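Please read them alongside the coordinates.

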Amino acid sequence: NSVVLIMCEYHFIAKSSDVFPESLYEEFVIDDFGNIVEYDGENSTACTATGFFAGEEGTIVTARHVARPWEMNSDTDLDKTLLDDAERIYKKELNELSFGLPQLMETEIEGVIDNIVIVPNGKYFISQSSVNCTEVVCSPQEQDLALLKILSDHLPLGVTPVPLDKISVDKPEKGEHVLTIGFPRGYALFDDPEKTEIQANATAGSVTRTDGRFNFGLDAGISSGSSGSPIFDEYGDVIGVLNARHLGMNQAYAIRSEYLSSLLYEAGITK
């Protein structure tokens, strides 16, 4: 019961020293059809993922690309991000409206978080069960880790955080048995998440490779929404944080916990 479902809402902002064409919005979202839509304060883009409580102070561990969803891989080009997609779409339209004026093409696109909430395992997916969070710190992008903190003085009822001394700094061994617990596909797998308690999905597997600079491979089956899930070894220690999967293969990747331990120390989280 350390594991939580995370929902992030965000939109994009275009920044430029020049005046935008009136028909193009400075704050916007990209709809399901790849069109620019004005951000109206309520139509944020939403995504779900996984995190887990670590320590006694309301800290939640997840992947960096969960806390900053625009860093997720593009659906059409895995070498690009959602931010790259938004920039391409926006500048294409900007180019058409500004007749290719170079000063307008220097516009920068940024992602902005509108809201982050968590719902603990075993709770209903309703507002009364959700807890607002804020980002504390993110690792460098290649390490893909983030720490969130709940905006509450108390842990949600029923939550059992992972003790900090159960976060391993040892490298996992190839062939080692592991267990990952998270929310693949978010709340899409639940029949009625507002009337049924959400339940985290547990998947067993083994470490398949350990040659990554920051991560290791495992064969536990996952899907989108699993990012940020803890990877436990057979002793109940967290040895990694799930952050990626290989399309077309039963292969996932997790950032090694030694980098999580360093990030917790950097953030001053000691208990």
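1. Helix 2, at residues 82-98, contains L97. Helices here are DSSP runs of H or I with at least four residues, strands are runs of E with at least two, and both are numbered from the N terminus. L97 counts as partly exposed because its relative accessibility is 33%; the class runs between buried, under 20% relative accessible area, and exposed, over 50%, with a 1.4 Å probe and protein chains only. Between the C-alpha atoms of L97 and L24 the separation is 8.3 Å, although the two are 73 residues apart along the chain.

2. Some conventions apply to every point. This is a predicted model, in which local features need pLDDT of at least 70 and side-chain atom pairs count only at pLDDT 80 or more, while totals for chains, interfaces and linings use all residues. Residues are numbered from 1 along each chain as its sequence is written, and side-chain values use heavy atoms, with hydrogens and water left out.

3. Which residues of the largest nonpolar core touch the most other members? They are F52, V61, L145, L147, I167 and L260, out of 24 residues in that core. A nonpolar core is a set of buried Ala, Val, Leu, Ile, Met, Phe, Trp, Tyr and Cys residues joined through side-chain atoms within 4.5 Å. At least two residues of this core come from each of strand 1, strand 13 (238-246) and helix 3 (257-266). Helix 3 gives the most, with four residues.

4. The structure contains seven salt bridges, a salt bridge being a side-chain nitrogen of Lys or Arg within 4 Å of a carboxyl oxygen of Asp or Glu. One of them joins the side chains of E135 and R68, at 2.8 Å from N to O. This pair links distant parts of the chain, 67 residues apart: E135 is in strand 7, and R68 is in the loop between helix 1 (64-67) and helix 2. E135 is partly exposed because its relative accessibility is 30%; R68, with a relative accessible area of 23%, is also partly exposed.

5. D237 and K166 form another salt bridge through their side chains, at 2.9 Å from N to O. Here too the pair links distant parts of the chain, 71 residues apart: D237 sits in the loop between strand 12 (230-233) and strand 13, and K166 in the loop between strand 8 (146-150) and strand 9 (177-182).

6. R256 has a relative accessible area of 4%, so R256 is buried.

7. A patch of negative charge on the surface gathers E26, E27, E38, D40 and E42. Patches are made of residues with over 30% relative accessible area and no salt bridge, with like charges joined within 9 Å and nonpolar side chains (Val, Leu, Ile, Met, Phe, Trp, Tyr) within 5 Å. E26 lies in the loop between strand 1 (3-15) and strand 2 (27-30). Because its relative accessibility is 48%, E26 counts as partly exposed.

8. V29 is in strand 2. Its relative accessible area is 5%, so V29 is buried.

9. S127 is in the loop between strand 6 (108-120) and strand 7 (131-138). S127 is exposed because its relative accessible area is 58%. Its C-alpha atom is separated by 9.4 Å from that of V117, which is 10 residues apart from S127 along the chain.

10. One backbone angle may be worth checking by eye. D144 has phi near 55 degrees, a positive value in a residue other than glycine. D144 is placed in the loop between strand 7 and strand 8. With 8% relative accessibility, D144 therefore counts as buried.

Conventions:
Accessible areas come from the Shrake-Rupley method with a 1.4 Å probe; for residues, only the protein chains shown count as cover. Lys and Arg count as positive and Asp and Glu as negative; His and the chain ends are not counted. The place of a charge is taken as NZ of Lys, CZ of Arg, CG of Asp or CD of Glu.
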